[in-house]
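Q: Hi! Could we walk through this model together? I have a few quick questions.

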Amino acid sequence: MVERGEPAGIRLEGVSATMQDRNRGEIIAVRNIDLEVRPGDLMTLLGPSGCGKTTTLRMIAGFQAPSSGRISIAGRDVTHVAANQRDIGFVFQNYALFPHLTIFGNVAYGLQVRSRSAGETGRAVAEALELVGLAGFGERLPNELSGGQQQRVALARAIVIRPRVLLFDEPLSNLDAKLRVSMRGEIRRLQQALEITTVYVTHDQEEAMAISDRIAVMESGRIVQLDGAEALYRRPASAFVAGFIGRANLLHATVASVSGDGVTLDIGGQKLLMRPPGAQAAGAAVRAVVRPEAIAIVSSNTGLTGVVRSRIYLGDKIEYEVAFGGQMLTIVRFNPAEDEGYLPGTTVFISIAPADVRLVD
Amino acid sequence: MAAARAWTRWRGASDPLRLFVVIVLAVLLALFVVYPLLELTGRALSDDRGFTLAPLIAAINSKSNLRAFADSLLLATLVGVCGTFFGFLFALTVERTQAPRFWIRLLDVATLLPLISPPFTTSIAFIFSFGPRGFITHDLLGINNATVYGLTSTLAAETLTYFPLAYMALRPMLAGIGGDLEEMAFSLGSSRWRVFRTVTLSLTVPGLANAFLLLFAASLADFATPLILAGNDFPVLPTEAYLQITGMFDLKGGAVLSLLLLVPAGIVYFLQRQVVGRRRYVTMTGKGRAGASQDSVAPLMGRILMGICLGIVLFILYLYALLLIASLVISFGANYSLTLAHYRVIFTEGLPAIEDTLIIALIGMPIGGLYGVVVGYLVARTEFIGRSAMEIVTMLNYALPGTIVGIAYLIAFNQPPILLTGTAAIVIACYVFRYSPTGIRTTIALLQQIDRSIEEASFSLGASSFMTFRRIMLPLIMPAFFAGLSVVFIRSMTAISATIFLVSINWTLITVRILENMTELSLGPAAAFSVFVIVVVIIVTAILNQVLRRLTAPGLRLPAVEG
């Protein structure tokens with residue numbers, strides 16, 4: 001047994017979940033997932049709505065029983081342990097504050113349930129409120145607080161019991177953009193300071209990249225790739241991951257030739273070199289991913305030409321849509337010069353570094 | 001979420017306490033809802049040889065019964081149309097004109113009066129106003145022996161009594177049609193009238209239909225107003241059934257007549273479920289910006305609307321003033337000297353009725369409140385076999401006309417195995433099962449506002465099911481309990497249609513005494529009793545409202561449920 005307060009690992013082995021849907025009957029929300037969250041890590045489950053990420057989180061919490069598989073926390077099998085026996089902290093999307101209790105009452109609830117003394121409870125609650133920047137708000141009621149403050153209370157309520165595992169279900173999706181950015185920083189800071197193993201569910205890839213040690217990208221009830229933010233961005237395993245983490249141009253190409261130097265792709269007659277070489281044979285149809293910011297518009301003839309179709313000025317960057325080899329490329333140019341004038345209709349030369357092209361399944 | 005539902009099922013599958021409660025409720029519902037209705041049908045549709053439709057066919061073939069049936073439908077239709085019209089007028093005025101707050105408050109208070117008075121208060125006031133010695137007919141116009149009885153006055157009295165229901169149903173509906181929808185139509189170049197016709201009115205159609213059915217059902221079931229005002233030339237089913245039983249001691253004939261009443265009541269009930277079910281599509285257009293368009297009614301039109309509403313309100317206040325005056329003068333229409341004699345009468349020879357009514361109301365109130373919350377919680381938050389059947393059965397006695405329920409109880413509990421006739425229990429049971437559905441629906445509506453994640457948050461913090469119920473759910477549904485209490489209390493003080501069949505020498509009710517006074521033409525005591533009931537109801541509901549306001553968690557809105 002791990003000592004209380006020492007970070008605990010979470011392990012999911014072959015976990016599946018079936019649910020009743022009013023319209024579609026029985027559906028499989030989670031398919032045979034294996035997942036290991038290392039002690040003290042923050043793991044994000046990232047994916048579009050309906051991918052099974054919330055269901056997975058709710059199974060870890062014990063709100064829902066898996067239809068098969070095993071869940072263990074700190075080495076202890078908790079598959080059939082009720083939520084109130086799992087020693088978790090859960091932060092809900094809608095905060096789920098008890099509307100009839102004060103902020104103090106809300107944060108103190110978990111300690112009172114554990115029969116802590118009034119003095120200890122008072123100290124712990126004050127400390128938790130201090131941690132989330134709400135010292136002095138104890139006597140207010142939840143509806144007297146803003147959304148951001150309510151979410152801080154929910155956070156304080158979850159951490160005050162010093163759970164072994166902290167679970168977040170899209171905690172920031174009801175907040176406005178600026179608040180989201182500052183709150184996610186705060187959540188990360190707290191999580192690292194308290195060293196609590198955390199699973200965090202979101203559909204916002206930027207949020208996931210900003211706070212996670214590792215990210216599990218989910219699609220249709222499966223984990224399709226699990227890695228750090230940078231690895232996911234640089235080496236997406238599939239077109240889905242490439243499109244979900246950051247933006248990506250997906251190009252349909254055929255392999256023109258393979259040499260020791262790299263692979264040459266044929267995209268509508270234009271030749272694009274990529275490195276390192278893959279196992280593809282010449283003539284194979286492949287899909288290649290290129291990030292919009294990895295494409296340069298240059299003045300010298302690179303052999304690759306495109307025609308500008310639209311230009312959107314966004315201040316810090318300009319986004320171009322460029323017709324290239326019968327397909328459409330999005331190109332982002334940061335810190336544009338004042339007179340950058342590739343207007344629609346202009347033919348431009350483009351350049352893509354061989355290492356920035358990546359084949360996906 | 002499906003996940004949450006599945007989890008609830010899993011969590012509560014083997015809860016012995018809940019199983020016990022469900023079984024107890026099932027037995028009680030079988031006994032006090034299903035059994036009486038079966039007995040009623042059995043008594044009406046049988047003879048020495050067993051089941052037969054002959055009595056029903058005979059009843060339909062009787063000219064006088066057909067007349068009563070047609071009259072009932074005619075009256076209910078007219079009340080439905082007129083009441084919906086006035087209700088809509090009030091809702092439109094309050095939601096769409098820039099009427100000052102004070103006047104809106106006045107409209108609200110005045111429309112509340114008929115809802116908390118005995119159902120025949122308006123009828124009594126009508127007699128004071130338009131009867132042979134009426135204030136308008138006799139004192140102002142000098143007409144002697146004016147006749148107040150008949151369709152017109154019954155219609156007017158019922159419309160005034162029931163249109164507040166339509167107002168309460170339509171007002172949130174109009175408020176829900178966001179001003180932005182109307183402003184959108186204006187921006188497309190529509191005139192005010194066109195916007196009203198094509199947007200506002202069109203979107204309110206389901207609400208109007210619902211209000212019409214609500215009033216149709218209320219009028220169809222109304223027993224006291226026709227008994228006082230309809231007279232001999234305008235017989236309706238509920239009064240005919242009553243006269244059959246009390247006048248001719250023909251229980252079976254009364255039962256058959258009440259079955260006739262069941263047909264239109266049943267049709268209306270199912271139509272209403274349809275309309276209410278369809279109403280969801282309207283709100284699917286999205287939640288509009290808070291506050292209605294202030295431009296949708298022209299200022300002049302707004303003033304005209306307000307004028308009409310104020311006229312109606314003044315008339316209602318006038319009727320209640322007449323009632324108050326009649327209770328304080330020696331003989332209304334003849335001798336206007338002030339006296340407290342009528343109050344002395346009700347507090348001496350009328351005292352048993354007052355005591356009985358208060359005892360019954362005070363016993364029924366907590367039982368009904370608890371029953372409403374428990375059933376509401378079970379229906380809204382748990383799964384068990386027969387859950388939807390239970391939901392429908394609990395609504396039955398509420399949806400059926402009181403006359404049917406009263407006669408059914410009379411037949412069912414008049415003989416062993418369950419002999420309850422003449423006890424207070426039969427009256428209390430009748431009130432609890434007939435008027436608690438408001439508490440049930442309030443509980444359900446309240447629970448729908450409380451996200452399941454609130455319960456899950458409590459579990460995640462380590463609390464047990466019982467702790468979660470006691471510390472989180474119970475305080476949150478307290479308001480529904482108190483709402484249920486006040487409805488059961490109000491109805492126990494004011495209802496008559498079902499319980500008039502159930503009173504006895506041992507246990508009688510104020511409302512029944514009022515009716516007796518009316519038939520004996522002792523109008524003064526009748527007025528004094530009515531004033532007393534209204535005052536008690538106002539005081540008790542004010543107290544309950546105070547408690548409620550303290551208990552309601554801020555941020556949760558107690559849903560308004562009519563009834």
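Q: Is Val360(A) buried, exposed or partly exposed?
A: Val360(A) is partly exposed, because 18 other C-beta atoms lie within 10 Å. For the cut-offs, buried means 20 or more other C-beta atoms within 10 Å of a residue's own, exposed means 12 or fewer, and partly exposed is in between, with C-beta atoms placed from the backbone. Keep in mind that this is a predicted model, where local features need pLDDT of at least 70, side-chain atom pairs count only at pLDDT 80 or more, and totals for chains, interfaces and linings use all residues. Residues are numbered from 1 along each chain as its sequence is written, and chains are lettered from A and ligands numbered from 1 in the order in which they are written.

Q: Thanks! Which strand is Val360(A) in?
A: Val360(A) belongs to strand E20 of chain A, residues 358-360. Strands (E, at least two residues) and helices (H or I, at least four) are DSSP runs, numbered from the N terminus.

Q: And what does Val360(A) touch?
A: Leaving out residues up to four places away in sequence, Val360(A) touches Pro236(A), Ala237(A), Ser238(A), Ala239(A), Ala242(A), Arg287(A) and Val289(A). Contact here means C-beta atoms, placed from the backbone, within 7 Å.

Q: How is chain A divided into domains?
A: Chain A has domain 1 (10-243) and domain 2 (247-360), with bounds from an automatic or database domain assignment. Their C-alpha centres are 39 Å apart. Seven residues of domain 1 of chain A contact six residues of domain 2 of chain A.

Q: Switching to chain B, what are the domains there?
A: Chain B splits into domain 1 (27-61 + 340-563) and domain 2 (77-336). The C-alpha centres of these two domains of chain B lie 23 Å apart, and the contact takes 41 residues from domain 1 and 39 residues from domain 2.

Q: Which helix gives the largest share of the domain 1 side in that chain B contact?
A: H25(B), with twelve residues. By class, the domain 1 side that touches domain 2 of chain B has 29 nonpolar, ten polar and two charged residues. Nonpolar covers Ala, Val, Leu, Ile, Met, Phe, Trp, Tyr, Cys and Pro, charged covers Asp, Glu, Lys and Arg, and the others, Gly among them, are polar.

Q: Last one: how many residues do chain A and chain B put into their contact?
A: Chain B gives 24 residues and chain A gives 28 residues. On the chain B side, H22(B) supplies the largest share, six residues.

Terms used:
Contact = placed C-beta atoms within 7 Å.
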